[in-house]
Amino acid sequence: MVKSGVFNFSDNAKIDYEQIEWLDADGDSTADLLLVSSSEDVWRPYRAWTIRLFLNPYELKDLKTANGLLGVHLFDINGDDATDVCLSNWKLDLGFAGRGTPRLEHIASAFLATESGWSARSSFTEKRAVNVDKINSFVSLDTFVPDLTGNGLPDFVELSDSGSLRVRQFETSGENMVSVADSITIDLPLQALESTVKVEELNGDVVSDIIVLRRQSIEIYMSTAKSDR
């Protein structure tokens, strides 16, 4: 083995590396490095996040994001055969300084691929907030998932206020922008106090299926959609 490169990470005690992953982010069949770091400054109400993508030949791309619990997903959400960067950001507003009850806030956004990397501004931003005292279930799931609806593109997944799993498609708009459709394509009641939702393609039909992991059981929902591709 021959050493071909060295990545020096900061030894600052206030920096926490949340995700280090090798993947093909730009579609050139070579390995790229995804590095997600956050601040551990306990005096901040929210944690500051930084996303860096080291591409072959190790070009650095930075994306500015909100603060909180961040999930990074790489999908082609507009069908142009280029990988887009999708972010799912959760943060807890504790309601200090008389601002009311604590709220859990979710912000989802996506940065589309360009010829030189990724757009500096997100193509869309979806925001949602719920009071902590109104949360009656805990369900772990990804916001951006592989195709569940058969159109050949990833889908947007969220929980409704009643606890059902809702799936919406991405739609293109003017000037090569993408947004999340208002209409709901799938509305699946979960009725679970605690569960984990996984999305996997199980039967070889190219369309993903839904797996619900409960404390004492596993439920599988096979998609009936037909792939357009």
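A: The protein chain has 0 helices and 19 strands. Both are DSSP runs numbered from the N terminus: helices are H or I with at least four residues, strands are E with at least two. The model is predicted: local features need pLDDT of at least 70 and side-chain atom pairs count only at pLDDT 80 or more, while totals for chains, interfaces and linings use all residues. Residues are numbered from 1 along each chain as its sequence is written, and side-chain values use heavy atoms, with hydrogens and water left out.

First, the setting. The protein chain has 229 residues, and 39% of them are buried. Buried means under 20% relative accessible area, exposed means over 50%, and partly exposed lies in between (1.4 Å probe, protein chains only). Contacts are heavy atoms within 4.5 Å. Of the contacts with a separation of 6 or more, 37% join residues 24 or more positions apart. The chain exposes about 13700 Å², and carbon and sulfur atoms supply 49% of that area. Such areas come from the Shrake-Rupley method with a 1.4 Å probe; for residues, only the protein chains shown count as cover.

Now the salt bridges. The structure holds 4 of them. Each is a side-chain nitrogen of Lys or Arg within 4 Å of a carboxyl oxygen of Asp or Glu.

Start with R168 and E126. Their side chains meet in a salt bridge of 3.1 Å, N to O. R168 lies in strand β14 (residues 164-173) and E126 in strand β10 (residues 124-131), so this pair ties together parts 42 residues apart in sequence. R168 is buried, at 8% relative accessible area. E126 is partly exposed, at 23%.

R168 has another partner, E158. The closest N and O atoms of R168 and E158 are 3.1 Å apart. E158 lies in strand β13 (residues 155-159) and R168 in β14, so this pair links parts 10 residues apart in sequence.

R166 and D187 form another salt bridge, at 3.5 Å, N to O. R166 lies in β14 and D187 in strand β16 (residues 186-189), so the pair ties together parts 21 residues apart in sequence. R166 is partly exposed, with a relative accessible area of 29%. D187 is also partly exposed, at 43%.

Next, follow E126 to a neighbour. E126 is in contact with H106, as are S88, N89, W90, K127, R128 and T143, leaving aside neighbours within four places in sequence. H106 lies in strand β7. H106 is buried, at 9% relative accessible area. Its side chain makes a polar contact of 2.8 Å with the side chain of S88. A polar contact is a pair of N or O atoms within 3.5 Å; within protein, one must be able to donate a hydrogen and the other to accept it, and residues adjacent in sequence count only if both atoms are side-chain atoms.

The side chain of H106 also meets that of T143, in a polar contact of 3.4 Å. T143 is in the loop between β11 (138-140) and β12 (144-145). T143 counts as buried, at 4% relative accessibility. Beyond residues up to four places away in sequence, T143 touches S88, H106, A108, D155, F156 and V157.

T101 sits in the loop between β6 (84-93) and β7 (103-111). T101 is partly exposed, at 41% relative accessible area. T101 and N131 are 30 residues apart in sequence, and their C-alpha atoms are 6.7 Å apart in space.

Last, a different part of the chain, for context. Strand β18 (residues 209-214) and β19 pair in the antiparallel sense over 4 bridges. Two strands pair if DSSP finds at least two bridges between them. β18 and β19 form a hairpin with 3 residues between them. V212 stands opposite E219 in β19. I220 is found in β19 (residues 218-221). I220 belongs to a nonpolar surface patch of about 450 Å², made with L202, L213, I218 and M222. Patches are made of residues with over 30% relative accessible area and no salt bridge; like charges are joined within 9 Å, and nonpolar side chains (Val, Leu, Ile, Met, Phe, Trp, Tyr) within 5 Å.
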